[in-house]
Structures are given as C-alpha cells and as structure tokens.
Amino acid sequence: MCAVVGVFNVKNASKVAYYALFAMQHRGQEATGISSSDGVNMWTKKRRGLVTDVFSDEENFTYLKGSTAVGHNRYSTAGSDSIADAQPITAKYKLGEIAVVHNGNLINKDEVRQKLINEGAIFQSYMDTENLIHLIARSQKDSLEDRIIEALEDIKGAYCFIIQSRKKMFAIRDRYGVRPLSLGKFKNGGYIVASETCAFDLVGAEFVRDVKPGEMLVFEKEQEPRSIQLYPSDPRPCAFEYIYFARPDSIIDGKTVYAKRLEMGRMLARENPVDADIVLPVPDSGVAAALGYAQESGIPFENAIVRNHYVGRTFIEPIQEMRDLKVRLKLSPIKKVIEGKRVVIIDDSLVRGTTSKQIVKMLKEAGATQVHMKLASPPIKHPCRYGIDTPSYEELISANMSEEEICETIGADSLSFLSIEGLKKSLGEDRNYSLVSFDGNYFIA
Ligand code: AMP
C-alpha cells in the first residue's frame, strides 16, 4: 500500500504535498519522496523514513521549487525496501523529464520487465512502476499524453498513477478503481489529487470528486483538468480500504470510512450475537467496529485496552523470558474494567492470528471470565495481488485452519467473523467490491 499526491498550479506546491503526505502517513512508512517543477526544471528528494523525518528541514522546500509537485509514501508490495525503490521515480527521455508516483500493484510486471530487458532496457530499481517509465520513453508518439495512453495498454493491475512533466500533470485510475484517488480544489485556484480525502482536509482543499475508474485527468496551464475516459469504468473498490487501511475520516467513492466501519460492527452484532458484559476494541483498528457492535447489541462499550502510540517499527527483540513484552509494549489492559467480566473483543481483521492470540491471553490474565473474539471482516483466505500487503497462503491462518481450530489456537471462548454477504451489505450493495482476500476472485488476470 502507498499514498500518492499531486499538486498543480499552487504556490509552494512541495510544501502542500508534504502536508498531504503527512496526513496519509498511515498508508506507508518505509520511504517518502517529493518531486517538484517550476515549468522549466524539476527537483526531487526521496529517502527512507517518515515524512516529518525526511522533510524535517525547511530548506527542503526552498530546494523543491515550483507550483507543481508529486509525492509518495511507500509501503512495499513490489520491489524491496531499499532507497532505489523509493518514489517518485524520475527520468529524462526524448520529450523532456517526468516524475511518476504509483499506488497499487501491476500484475504483469515480470513479463513486461523481462520483455523490456530483452530489448535492451536497463532498470534502476525492482519496482513495477519503472515499467511505465520505460514504456513511455520507448513510445514513438509525439506527445507525453499519447505516450502515456499507449504505455498503459501494456500494463495490467491495480493502479493509481500521478505523472508530472515540467508543465503538466496526469492522474490515472485503473478501470476497476481498486485503489482510491480523489480530486480536490483550492479556493484561490489550483488542484490537488490524493489517495485519500483526509489530505484535502489538512491542506484546506475542497473535495471535488473521485477520479473515475478508467479515467485520466490532464492538468495543464491554469485550466480545469481535462478528463479522458481511457477505459470503460467497471468499479470494484477495495473492501480492505474500508475495513482497515484508509483513515476513518476519509471519504472513498462517496462513502465515509468511519460510517462503513460502524456499519460492519453493527452487522457483526446482528450476525453473531453473544451474551456478554462489555465490548472492547483492539485499539486503534477495531474502535469504530466495536462501537457499532456495542450500539447494535446494547452491550456497553469500554475502552479498556490502552495503546502506546510511540512504539516504532523496530525495537530490540525481547528475550524468551520476556516474550510478552512485545505485545505489552504496545497494548496494556485496564484490569479494573476487565476483571470478572465476559468480554467481547473486536478487531477489524485476522491475518496471521498473532495479535488475537496475544490479546486473548492478555484479557484472560487481566481477569476476564470469557473472551469472545469477533472480527469485523470475513476470514482472509487469499493473498491480495492488488496492492495490499498480505502474506502468502502458508501464513494466512484462515487459509489453513477451520474457525474451530483458530478459536482453539488463539485460546478464545468463541470466535466469529463478519460474513461476505454481511460485508457487502455494510458497504452498500450499489456496486461490486474487490473482495479477493476473502473470495479469491482475482478479477484482474
Ligand atoms: P495478525 O496479528 O497477523 O492476525 O494481524 C491482524 C492485525 O493486523 C489486525 O489488528 C489488523 O488491524 C492488522 N492488519 C490487517 N491487515 C494489515 C496489513 N495489510 N498491514 C498491517 N497490519 C494489518
């Protein structure tokens, strides 16, 4: 998963891109980068690390000049986590210079890469995104716009691309609209395109609309963006964006993520009622669904697991005798609330089962008399190939065990999941969704 942003015709565009990337930090923490253009020259800075660390110095924004900028937060699903795989990817080619940012996953990346290598291409990274740059550079069309359109014909998968040239910007969403991409506008002119609308709220842009599946928006001069419908639209937004990935204050394809999470929790309560004393969320991912569950069931909601927000991505591995330290570093139960209670604990999803197992143990040690684990999404039985970082079949607990076996493994008194039908109903049956992790329907083949 990643975040992308494009800012066009806005003063200090790189600073605006920086704030937008900060709002979308949850979509990727490995690396970040911004390219800017003043219409004549282009500048790029990208590094491993968080947005505020990489761009901590104000001088970055005097270096990244101009009124156009594209930016990216990386969460690797393709390539490695080296600096060569940070974005934007930039290149000089026959018609000038471009910078490209991408969110998604290109499923025919290996074939395209091998074909390009056989024809003499030299790659700088392991990223699938680099294929697009080579295809653009090799096209014989006269304009960048036509070259992009031609290059996309060779690319299959889930993608949102934002491409910056010295004077223009292009935003493209694949025909299924698997990954989110929205258009915003500034009051005194200028546009922003971003993975999530929470970025607009921070920089003071007004939401205009979602980029349509299969659409390319062309930003040039001071005009309104021009829309080209490259492919017939066949919307299948990713259900996992609503379940886990996106920020709850974002609106994706007209639906507020928070409201959808509440609805998933309510549906979970209707499908899986239980006699219990309190409903707890796994913070922060289970909060909205747990609230929904509590509202629907009438069982009181308690915020009785405290999360330490300062646990970084790496810390020293605890020694064997302190193996519980790892979870306790992050989560801590309020014993007074839990002691002697029958607890319903809600999380958004079960992947390997590690979190649930540790939390059930923690709740029992805190004195819970029963622990009912409930997940506000269906069992994840298949890896996502469209841009969510899910492990292989071997590691997905629901691909290898029955619900009874999982319940026993995590040590809960009961275990239940939201059904696929329930998920669809919660999201709204007005459209199809990408549900690959749950139903294995790899519709982009
Ligand atoms: P696990 O402990 O492996 O079962 O993972 C479940 C936990 O990871 C839940 O709390 C989820 O909120 C979270 N989660 C689900 N999907 C992802 C993902 N793609 N990347 C990181 N965390 C995730």
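The chain carries 57 positive and 59 negative side chains, and the centres of the two sets are 3 Å apart. Lys and Arg count as positive, Asp and Glu as negative, while His and the chain ends are not counted; each charge is placed at NZ of Lys, CZ of Arg, CG of Asp or CD of Glu. This is a predicted model, in which local features need pLDDT of at least 70 and side-chain atom pairs count only at pLDDT 80 or more, whereas totals for chains, interfaces and linings use all residues. Residues are numbered from 1 along each chain as its sequence is written, and side-chain values use heavy atoms, with hydrogens and water left out.

**Overall form**

- The chain contains 17 helices and 21 strands, taken as DSSP runs (helices H or I, at least four residues; strands E, at least two) and numbered from the N terminus.
- The radius of gyration of the chain is 23 Å, close to the 22 Å that the globule rule gives for 445 residues, so the chain is as compact as a globular protein of that length. The radius is taken over C-alpha atoms, and the rule is 2.2 Å times the number of residues to the power 0.38.
- The C-alpha trace spans about 70 × 45 × 45 Å along its principal axes.
- Of contacts between residues at least 6 apart in sequence, 67% join residues at least 24 apart; a contact means heavy atoms within 4.5 Å.

**Surface and burial**

- Buried residues account for 56% of the 445 residues. Buried means under 20% relative accessible area, exposed over 50%, and partly exposed in between (1.4 Å probe, protein chains only).

**Cysteines**

- The structure has 0 disulfides, a disulfide being a pair of cysteine sulfur atoms within 2.5 Å.
- The closest cysteine sulfur to that of Cys2 is in Cys160, 11 Å away, which is too far for a bond.
- Cys2 is buried at 5% relative accessibility, and Cys407 is buried with a relative accessible area of 12%.

**Two covered helices**

- Helix 5 (residues 129–138) has 8 of its 10 residues buried, so this helix is largely enclosed by the rest of the structure.
- The buried residues of helix 5 are Thr129, Glu130, Asn131, Leu132, Ile133, His134, Leu135 and Ile136.
- Their cover includes strand 5 (89–93), strand 6 (96–106), helix 4 (109–118), helix 6 (144–152) and strand 7 (157–164).
- Helix 1 is also mostly covered, with 8 of its 11 residues buried. These are Ala13, Ser14, Val16, Ala17, Tyr18, Ala20, Leu21 and Ala23.

**Backbone exceptions**

- Most residues other than glycine have a negative phi, and most peptide bonds are trans.
- The bond between Gln87 and Pro88 is cis, with omega about 5 degrees. Pro88 sits in the loop between strand 4 (68–74) and strand 5.
- Asn9, not a glycine, has a positive phi of about 60 degrees. Asn9 lies in the loop between strand 1 (3–8) and helix 1 (13–23) and is partly exposed, at 28% relative accessible area.
- Lys221, also not a glycine, has a positive phi of about 45 degrees. Lys221 belongs to the loop between strand 12 (215–220) and strand 13 (226–229) and is exposed at 64% relative accessibility.

**Two loop residues**

- Asp284 is in the loop between strand 16 (278–281) and helix 10 (287–297) and is partly exposed, with a relative accessible area of 38%.
- Not counting residues up to four places away in sequence, Asp284 touches Arg307 and His309.
- Asp284 and Ser139 are 145 residues apart in sequence and 47 Å apart in space, C-alpha to C-alpha.
- Thr197 lies in the loop between strand 10 (191–194) and helix 7 (198–203) and is buried, with a relative accessible area of 5%.
- Leaving aside neighbours within four places in sequence, Thr197 contacts Ser182, Phe207, Asp249, Ser250 and Ile251.
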